[in-house]
Amino acid sequence: MPGAVTDSTQIRNLIKESRTIAIVGVSDKPERPSYGVAKYLLEHSHYTIFLVNPMLDTALGERVYHSLGEIPEHIDLVDVFRKPSDCMEVLADAIAVGADAIWLQLGIASPEVLEAGTAAGMNVVMDRCLKVDYSNFL
């Protein structure tokens, strides 16, 4: 059932069921959280990872897509490293490409994203770190 994903069972199921993840707002700077999460998931997870940032062409030795719409595969989960005011735009892009879930990283919450994402049939995670939850649950 789409909506807010908040309890540990829901988080675990989302992590286990996802196969493709787009990391929106990835940085090429090692000190940035998005870089660390992307690096960890590329090196330690079972996911196919797509990096997204309109200002970069590569990061972590991988191609960086300029938008979700450029990604040639279905996206199960969109992991967002953007300020809250940018998250509705990311959600609109995620809905447009048919992504199943949106995950707002630790420190990011948006009631508008929760409402609109749920209405669009998506699972919505807010204010959690995918790297931490992945390492805790698998």
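The structure is a predicted model in which local features need pLDDT of at least 70 and side-chain atom pairs count only at pLDDT 80 or more, whereas totals for chains, interfaces and linings use all residues. Residues are numbered from 1 along each chain as its sequence is written, and side-chain values use heavy atoms, with hydrogens and water left out.

Helix 3 (residues 87-96) packs against helix 4 (residues 111-119) at an angle of about 15°, and their axes are 9 Å apart. Helix 3 is therefore roughly parallel to helix 4. Helices (H or I, at least four residues) and strands (E, at least two) are DSSP runs numbered from the N terminus. Axes are lines fitted to C-alpha atoms, for helices over the stretch in contact, and angles run from 0 to 180 degrees between N-to-C directions; angles under 35 degrees count as roughly parallel, over 145 as roughly antiparallel, 65 to 115 as roughly perpendicular and the rest as oblique. The crossing of helix 3 with helix 4 is right-handed (the near helix is turned clockwise from the far one by less than a right angle). Helix 3 contributes Cys-87, Met-88, Leu-91 and Ile-95 to the contact, and helix 4 contributes Glu-112, Val-113, Ala-116 and Gly-117 (contact means heavy atoms within 4.5 Å). By class, this contact has six nonpolar residues, one polar and one charged; Ala, Val, Leu, Ile, Met, Phe, Trp, Tyr, Cys and Pro count as nonpolar, Asp, Glu, Lys and Arg as charged, and the others, Gly among them, as polar.

Zero disulfides (pairs of cysteine sulfur atoms within 2.5 Å) are found in the whole structure. For Cys-87, the nearest cysteine sulfur is that of Cys-129, 15 Å away, which is too far for a bond. Cys-87 is buried, at a relative accessible area of 0%, and Cys-129 is also buried, at 13% (buried means under 20% relative accessible area, exposed over 50%, partly exposed in between, with a 1.4 Å probe and protein chains only).

Cys-129 is also one of the residues in contact with Gln-105. Gln-105 is placed in the loop between strand 7 (101-104) and helix 4 and has a relative accessible area of 3%. Beyond four places in sequence, its other contacts include Val-37, Asp-79, Phe-81 and Arg-128.

Thr-20 belongs to strand 2 (residues 20-24) and is buried, with a relative accessible area of 7%. Among the residues touched by Thr-20, not counting those up to four places away in sequence, are Thr-48, Phe-50, His-74 and Leu-77. Phe-50 is 30 residues from Thr-20 in sequence, with a C-alpha to C-alpha distance of 7.6 Å.
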